[in-house]
Amino acid sequence: MSKSKIIAAIQKNKPAEVLLPSIPSFETGNAKPFDAFVATAEAGGSQVFRISDSPGLNTVINTLFPEAVNIASPLPTVRSTIDLEKIQSTTDLESVDVAVIKGQLGVAENGAVWVTEADCGQRVLPFITQHLIILLDPADIVHNMQEAYQRIPVDATGFGLFIAGPSKTADIEQSLVIGAQGARSLTIFLEASQ
Amino acid sequence: MNQHAQKAAEFIRNESRTDWHDEALWFIRSKRDKAAHGIPEWEELRELASQVKSHVLSKLDQYLEQFEARAIQNGVQVHWAADAEEHNRIVHSILKRHQVQHLVKSKSMLTEECHLNDYLIERGIEVVDTDLGERIIQLKGEPPSHIVMPAIHLKKEEVGELFHEKLHTEKGATDPKYLTEAARQHLRQKFLTAQAAITGVNFAIAETGGVVVCTNEGNADMGVHLAPVQIHCMGIEKIIPKAEHLGIFTRLLARSATGQPITIYTSHYHRPKTGGAMHVVIVDNGRTAQLGREDFRNSLKCIRCGACMNTCPIYRRSGGHSYGYTVPGPIGSILTPGLDLKKYSGLPFASTLCGSCSDVCPVKINIHEQLYRWRQVIAEQGHLPAAKRQSMKWAGRVLSRPGWYNFFGKIGRWAIRRLPRPFLYNRFNEWGKDRELPEPPRQSFKEWYRENKRL
């Protein structure tokens with residue numbers, strides 16, 4: 001009922017058709033978005049590590065979060081303490097200290113990483129965990145959001161998002177506080193896939 | 001005095017607090033400038049964003065239908081609401097169907113506009129706002145004073161006092177970090193027990209039938225992914241044609257709002273979670289009427305970044321509550337007269353017409369021109385207060401008659417120089433309340449020209 005009313009009102013009131021502009025890609029000419037990505041991610045409060053010559057992912061996780069009891073990840077290479085496929089209710093994830101997921105694409109201009117539900121195991125995982133680690137292939141870093149959206153099929157999964165740092169707020173007197181309702185920290189491991 | 005002026009007068013009574021408010025907002029405006037200047041194509045992005053929005057408005061019916069069809073294919077239930085009442089009724093019926101008692105909400109100016117919280121609370125549902133700023137004002141029983149930073153008008157001491165009372169934090173605690181942590185613990189419990197989550201919508205993609213929500217705290221996602229039922233409420237103007245257009249809008253939104261390159265979380269919801277339900281409520285509530293007003297339809301391009309508030313010399317010194325509407329500041333002042341011309345007839349005058357709002361607007365809405373245009377409409381329809389109407393009438397008469405103009409100019413120059421203060425500064429002189437009248441020139445330009453043209 002209301003739908004036809006709204007549509008009819010729009011048809012009556014809308015202006016003459018205006019053409020849709022075409023969107024340029026705003027090439028930066030900067031051949032290496034890698035350095036820019038690291039700089040903007042760190043400025044946004046993320047920690048970035050290159051772990052190509054590291055002693056191994058699990059060792060690094062233990063070094064960074066020595067007190068973590070519960071580690072959850074859909075990745076087989078991560079030593080998880082929680083099996084994401086077997087949890088009864090998503091609220092059980094409240095006890096997760098560290099979650100490790102794979103990111104699909106990094107954006108140099110803002111330090112954001114594209115992640116889908118397929119990467120998370122559970123949609124709520126990157127938010128409910130106390131600390132979040134994202135693994136990203138440096139080859140998957142693009143310059144800007146135009147380029148990012150050209151590469152991402154946004155509806156390939158039911159849920160996908162850009163994450164650009166730890167959860168934060170400045171709602172009390174404009175003081176920046178890290179760790180609002182989501183993860184208290186974001187660590188990005190840059191590692192080339194074999 | 002109009003309502004805004006009255007409330008602004010109360011606000012500025014506390015001078016140091018006014019300065020503090022002014023500076024807090026200017027700080028954000030400065031951050032916005034820095035972020036905008038960091039992108040060489042900033043102006044081009046603004047122009048493109050404006051054009052994309054113009055295009056959408058001209059085909060809004062088709063895009064909404066396309067969006068609905070795709071969303072339904074995705075397994076989303078789509079509802080249409082002509083006004084606030086219907087919107088509230090739809091949301092309530094969804095909650096009732098799923099037997100929801102506990103509800104979490106992330107920030108949504110649309111649901112504020114519809115007064116959804118009160119509606120649901122009256123019907124026995126617990127409603128918890130989960131954005132920290134929104135939770136603060138909800139606990140305080142106040143409306144938001146800013147669309148991006150709802151509690152920008154409160155000091156940390158006030159938040160500390162409030163949290164001590166409501167969340168049992170230590171008395172006298174004012175450290176934002178400590179207070180935020182207390183809210184985090186409190187809200188986690190609410191997220192874990194919520195049976196439904198409501199969010200606003202930043203963008204709805206016609207081509208894919210999905211909605212995009214931007215937050216810094218992650219509260220929208222905590223709610224949506226934990227609760228079995230998710231409801232997204234959107235105004236009809238939130239539509240964009242394709243996902244590629246998000247490239248423009250996500251680059252503009254956070255930079256304009258807070259000076260960040262992007263919000264921490266930019267979430268794209270396309271399908272319900274396994275075993276869950278996803279609803280989208282599409283709301284008109286006066287928007288199609290605004291679409292029909294040629295001079296004002298561009299106001300529907302607004303992406304709710306709040307940049308026009310942060311830059312506005314009036315907003316910064318009068319506070320969001322002085323506007324008496326959910327969306328305050330310059331953009332609110334061009335949206336409200338379309339809803340109720342008489343009630344909001346004071347708001348288009350809450351401006352110096354300096355044009356700074358239009359300069360920072362990421363979708364290039366000609367805000368200050370629309371403010372001026374609304375003033376004309378308000379005058380034409382007889383909603384000016386008597387004092388302003390009379391003085392305008394006299395000014396019109398004087399300014400259209402050269403003889404009168406010369407005569408009154410002379411009287412005025414003489415009066416300011418000669419008359420004792422009580423004759424000049426009294427209740428008829430609104431302008432002179434807090435200001436000195438200008439030093440009158442010795443002669444008018446006309447007189448000067450007559451004297452000097454022979455030289």
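User: What counts as a pair of strands?

Analyst: Strands are DSSP runs of E, at least two residues long, numbered from the N terminus. DSSP must also find bridges between them. Two strands pair when the bridges found number at least two.

User: How is this structure numbered, and what kind of model is it?

Analyst: Residues are numbered from 1 along each chain as its sequence is written, and chains are lettered from A in the order in which they are written. Side-chain values use heavy atoms, local features need pLDDT of at least 70 and side-chain atom pairs pLDDT 80 or more, while totals for chains, interfaces and linings use all residues, as this is a predicted model.

User: Over how many bridges do strand 3 and strand 6 of chain A pair?

Analyst: Strand 6 covers residues 131–136. A:Lys102 has A:Leu135 as its bridge partner there. The two strands run in the parallel sense, and the bridges number 5.

User: Which residue of strand 3 of chain A is the bridge partner of A:Ala72?

Analyst: Strand 2 of chain A spans residues 71–72. It pairs with strand 3 in the parallel sense, over 2 bridges. The partner of A:Ala72 in strand 3 is A:Ala99.

User: Is strand 3 of chain A largely enclosed or open, and how many of its residues are buried?

Analyst: Buried means under 20% relative accessible area, with a 1.4 Å probe and protein chains only. Strand 3 spans residues 98–102. It is largely enclosed by the rest of the structure because the buried residues are 4 of the 5.

Technical notes: Buried < 20%, exposed > 50% of the residue type's maximum accessible area, 1.4 Å probe, protein only.
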